[in-house]
Amino acid sequence: MKKVYTIIIAAVMVSAGCKKNNNNEPSKQEELEPVNDPLLFGLTRVGDNYVPTEWQGKRRDTSIVSYKHKNLVVTGFYERSITTPNGVGKGIEYYGNEVTDGKGSRLCQFLEKSTPFSESAGRKLDPSYIEWSQGCTSYNGSTYIIAIGRMPGQRVNSYYYKIDGQTRKITSHPLAPTPNGNGYAWHCGTSKGLIVSKSLSPDTKKTFLEVFREDNWIQDYKLEVPGHIYIDVENLFAKDDNHLIAIVACKRAGTPITGLFYFTINLTDHTVKLYQAEMPEANFHINKGAFVNNTVYLPYYENGSNKCAYVTLKLDPNTGKLVTNKFDLPTKAGVPYGSATLIGTEGNNVYVAGEQGGLACYWRNDKLIDIENKETTSSVITAISVYD
């Protein structure tokens, strides 16, 4: 159910109108606030190769960094705070991988030059050391680049680089070892430290969510849904320092029908509660979502069709019930398939990134927005950032 976009280079893997309703969630009927074009990052196919690409408005850029590098892949970007004449604004820094002369690789930020995070953090790595990113997350203005690395023939190490939101200082921090070498699939920032997690599925009827705070194990939480199989954790959010929300999709046993479920996990008393979202009977996919103002936003699309939407989930603290809303998105006539894969919000506006017939696009509330896709047979968006 979860899409994973992977680039291979030199045998190195790089993983890279709104009217408020009674639930204080954006609806798609009118826009109450000014809207801006989101910044989109992804890949454009040129010939046999996929080229890192950025879109904003009608502008497409396939030469994101102006300087030349040998064996370099731009994986994504993260936001940073910058001081402007009008106050504090947002800026963008790119990161990715660069193969070293010693056949290793380094996670780098791309500013005026390519600078390894390890170098900025004062961490000396052997020339043959291979490291790559499993993604990034942010909390309170700081950015966390989740990394795994190894020496040839040795086990994988898990760690992260933190870019401080105020000082811009980069530091390196260990995470708990991962015996199976797969690293961590989910990460959330909290004031008590970074939460990282992965799932272990001993059979089709349940999964165990392994949760760590930094390099300290908290608990393995069993997630199961009666009458459903293939329990797949799609998103993990930190509601606060001690409470997590896990979004799970699974199949009703004996059918292709997908069920959507909302788990709350208490990291203090270790209680787990299950809530079912009211969804249409369909074979659908849920992708990378967002958690804003106690509301979960999820991109949605149905398998083998061109039905795209976004879904909001909010737990009502008074009734203890999960309130579910699904907003259908317009699609192109004659396009047999499409998908919605990323979501972002700003004020009352909801931005959903996806594709129509293999070409990247996005939706702003209830409007489908085409972006530049000339001279390419396919493109995909892997990161989205929206601004005031």
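Reply: One definition to start: a charge sits over a ring if NZ of Lys or CZ of Arg is within 6 Å of the ring centre and within 35 degrees of the ring normal. This is a predicted model, where local features need pLDDT of at least 70, side-chain atom pairs count only at pLDDT 80 or more, and totals for chains, interfaces and linings use all residues. Residues are numbered from 1 along each chain as its sequence is written, and side-chain values use heavy atoms, with hydrogens and water left out.

Me: Which residue lies over the face of Y159?
Reply: Y159 belongs to a cluster that ring pairs link, together with F117 and Y161. The distance from the ring centre of Y159 is 4.1 Å, and the residue over its face is R123.

Me: Are the rings of Y144 and Y160 stacked, edge-to-face or tilted?
Reply: Rings of Phe, Tyr and Trp (its six-membered ring) pair if their centres lie within 6.5 Å; planes under 30 degrees apart count as stacked, over 60 as edge-to-face and the rest as tilted. The structure holds eight aromatic pairs. For Y144 and Y160 the centres are 5.7 Å apart and the planes stand at 55 degrees, so the pair is tilted.

Me: How many residues apart in sequence are the parts that this pair ties together?
Reply: Strands are DSSP runs (E, at least two residues), numbered from the N terminus. Y144 lies in strand 11 (residues 142-150) and Y160 in strand 12 (residues 157-163), so the parts tied together are 16 residues apart.

Me: Is Y160 buried or exposed?
Reply: Buried means under 20% relative accessible area, exposed over 50%, partly exposed in between (1.4 Å probe, protein chains only). Y144 has 7% and is buried. At 3%, Y160 also counts as buried.

Me: In strand 5, which residue is the bridge partner of W55?
Reply: Two strands pair if DSSP finds at least two bridges between them. Strand 4 (residues 49-56) and strand 5 run antiparallel, joined by three bridges. In strand 5, the partner of W55 is R60.

Notes:
Helices (H or I, at least four residues) and strands (E, at least two) are DSSP runs, numbered from the N terminus.
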